[in-house]
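I open this notebook to record what I looked up, entry by entry.

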Amino acid sequence: MRRGSIVRITIYGVIAGTLASLVAVLVPWLPTSASEEMDRIEFTFWFTTVICIGIFAIVAAAIAYSVLKFRAADDDERDGPPIHGHTGLEIVWTAIPAVLVTAISVVSAVVLAKNDDVGANPLRIAVTAQQFAWRFEYPDETTSGSLVLPIDQPVKLTLRSLDVIHSFWVPEFGQKSDAVPGIETTLVITPTRIGSYSLLCTELCGLGHATMRAQVQVVDRADYEAFLERAASGDGAPAGADDGEAVFATAGCGGCHAFEPAGTDAAVGPSLDEIDGDEAFIRESIVDPNAVLAQGYQGGVMPNTYDKSLTDEQLDALVQYLSDGQGGN
Amino acid sequence: MTELVHSAYDSHHAPAVPPPRGLARLRAPGYLRAAWTTLLFWAFGFGLVAFFRWLAHYDPVVDWTIVTVVAFLTLAPLGFLTGIGAFDYWAYYVSGRPTRPEDHSSHGATSWKDYFRVNTDHKVIGVQYLVTTFFFFVIGGLMAMIFRAELAKPDLQFVDTQTFNGLISEHAALMIFLFIIPAFAGLANFAVPLMLGAPDMAFPRLNALSFWLLPIAGLMFLAAFLVPGGAFATGWTSYAPLASDQPLGQVFFNMGVQWAGASSIMTALNFLVTIITMRAPGMTFWRMPLLVWANFTTSLLVVIATPFIAGSQFFVMFDRIMHTNFFRVDEGGYALGYQHIFWFYSHPAVYIMMLPGFGIISEVIAVFSRKPIFGYRLMALSLMGILVLGFSVWAHHMFVAGMAPWLRVPMMVTSMIIAVPTGIKIFSWLATMWEGRIHLRTPMLFALGFLSMFVLGGLSGIFLASVPIDIAASDTYFIVAHIHYVLFGGSVFTIFAGVYYWFPKMTGRMYNERLGKLHFWLTFIGFNGTFFPMHWVGLQGMPRRVSDYSEQFGNWNMVVSLFSFLLGASTIIFFYNVIQSWHRGPIAPGNPWRALTLEWQVSSPPPVFNFDEIPQVVAGPYEYGIPGARHAVLNGGHAPVVADAVHEEARR
């Protein structure tokens, strides 16, 4: 190889590498981190990116150089030199990638071990997923439809599912785990930034999958305690229309049903604005949704687990709320 | 060996039987007979279900779910296959009647009608495969156009959620099981026997049967749209337990996979036997073209892995119709078991969809660079390396699934190591081009497009192999981007390269070079515009398989959708070019690319039995640059140069 061609191919490589680096830097690839775990994931991500940009630059330069330099005229019938291989080169491009992927593996394994380690005194929160809603149970047995976490406190989430597989993901936290029926999975998160985030279900779980979201808030310690107090007192209050509204929201009814008082307009299941039946019918339709099907809708879509997942009081409140919301009566 | 090949050419040719007339046409193999046998078999299935349910006092006697599985999805297709004559020879043999002497009436094609019959000629079957698979490519692509239109803006505009989920599931199922896997089988069907110097595949009747299972599987997938509740809507992965309780359409996926899988397995067996036993004299394993090597390894993957997906789909269906409890958690089933079995097939399936493409690229790059493949033996060995490693990485699809935590690091390491044999292939192709005389014809453009895009797909694969990054990226659009860089930028580009490369050999006519290049550039631009932004859209927080998404991703999704329409439109040029050129393109010479492999040493299209005389292979397939070098000697010519000797000379 002549010196001129080495210079040229190096220039191509630098150009390709620079372009790739610009794409890496200018595009917002990752959400702004809000947890220690995401910080480490970011580190792994950029570590891998640097190596990959190098490989990309080499390949791109080789293709560009070959196409520009070795292109033959259409009527050129000559062949290239009969080079069948080069053992040294072949060893090099076996060994170097092996070393690079080993390096990425080691970094990844260390980061994984750190991200799995929750420390001595984690806050334990039980997460229950079902079509198409999330429920959170705090150590003092308070339950809520939104997740509130104190800042800088390692949290160990225990995930369960009542029906099919769901997946817990808050992009800013990085961590993700499926909630699988029949087994318990865990997830470690240490929030580092106060703010409001979205919890998304990332495993296709049925018709309401895209709307299976919940609000996540990271707050300081005092606000967290205040939240727990509020949630606990709300739980013990007598059942009323307000509670029904809360149950409607936390049970995820709005993910599939339109109901004007709650301001939802989803069309996966029948609208709840004009229910053709009394309170007993409404109750039956919630607990055993396949008993009577609305015209034009399939059975087997709505979960039949609400008699288990809702308390009697919550069910009463929800039935009351839906019944009160009927315009015609 | 030699004698066996000889007999196929020139003896035992019985005179052709005249075509049947009148009522006899109802008994002769064909669509007329298929019409009544399909009905008959269906009625038999229906009666079977009704009779046994009546006998057992089950209510209702006619359970349509079971009738669907038994009568519509199992017996009616068998009736159709019987009717068109896929089983005739074996039926005669099994029933003890004298088998009819082979008159070769079902071999080769003289008119377009012959392509719609059971045909035992591997070249006809290859074309049948390709036309069928491209038909489903169009259908699957149109589905993508519909859901990309839906996704252009947040909220629902055109379709409801059930339809959306059905479309994404059908799109993937068709593209994987009815396009990429069988399109490679079609190209290999055409090329492999020719490249080996064989007159046909080892089992031509089995080969015909394998093909005819394919349209059945495809129509089964499509028919799911017609049943109450709509098409299967759980993604192509169809995870249990969600898939266990879906409307009836799910069963069409469970059963469609069986038909497509059976087709795959039988073809793979056929390739293995053909490659092992039907190589021309002198064609040692180390003289086989890399396309043959690639299909050898792919076929091994298919026969070992495909039964697992067949099993996984049967289990889900049994849970539904037989009340077994493989994956039903309430009854003691194990939900994660499905994923382990499914991915034990579906990860090797990625290589089933990639290795044949590697083979095509090796042919194209060597021929259009006019140089021998760099490191030929290591190229073949790296295929075998990928084959072995491919079975040890399945759980990298399950890093967030809740499986045993200890499995994650070992599976990460094996997944990373696969980058090594893959890297060897990439670098060897680059070295093959080095100092070559590169002709940028359309197949070569697609090969270069493949090289660059597949590198990007491979690199995003490294991100996904790393467990911490995968935990963040899993089930997001980053995955969608990765899979399309691998399966579109990888597999589909190689299929296009292969179709353009062998088009003159298959049709006897040249395609239009300018349209071919235009097709490439539009595809390349449309492809990158569609799939590249998905990387960051996913990492920032857009999950895959959602019909509705957060406002913040609206702009990028609009960009993606617009480019996807360009990508869709680019295939119109391809189809125009192919149809127009097949019809009235310039007549192709036998060897327009001046290639050395055997398929180019015969006329275009090749004679019915490929070679008038058994070729004698004298050297490796890629001896470009050695004056007078030949891969094989045909037509009784004297071996002009013992190229191996020259080759040794060149090495010194």
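How many helices and strands does chain B have? I found 22 helices and two strands in chain B, counted as DSSP runs (helices are H or I of at least four residues, strands E of at least two) and numbered from the N terminus. The radius of gyration of chain B is 25 Å, close to the 26 Å of the globule rule for 652 residues, so chain B is as compact as a globular protein of that length. The radius is taken over C-alpha atoms, and the rule is 2.2 Å times the number of residues to the power 0.38.

I note that the model is predicted, that local features need pLDDT of at least 70 and side-chain atom pairs 80 or more, while totals for chains, interfaces and linings use all residues. Residues are numbered from 1 along each chain, chains are lettered from A and ligands numbered from 1 in the order written, and side-chain values use heavy atoms, without hydrogens and water.

I next looked up burial. Buried residues make up 64% of the 652 residues in chain B (buried is under 20% relative accessible area, exposed over 50%, partly exposed in between, with a 1.4 Å probe and protein chains only).

I then turned to aromatic pairs, in which ring centres of Phe, Tyr or Trp (its six-membered ring) lie within 6.5 Å; planes under 30 degrees apart are stacked, over 60 edge-to-face, the rest tilted. Phe80(B) and Trp212(B) form a tilted pair, 6.3 Å centre to centre with 55 degrees between the planes. Phe80(B) lies in helix 4 and Trp212(B) in helix 8 of chain B, so the pair ties together parts 132 residues apart in sequence. Phe80(B) is partly exposed at 21%, whereas Trp212(B) is buried at 6%.
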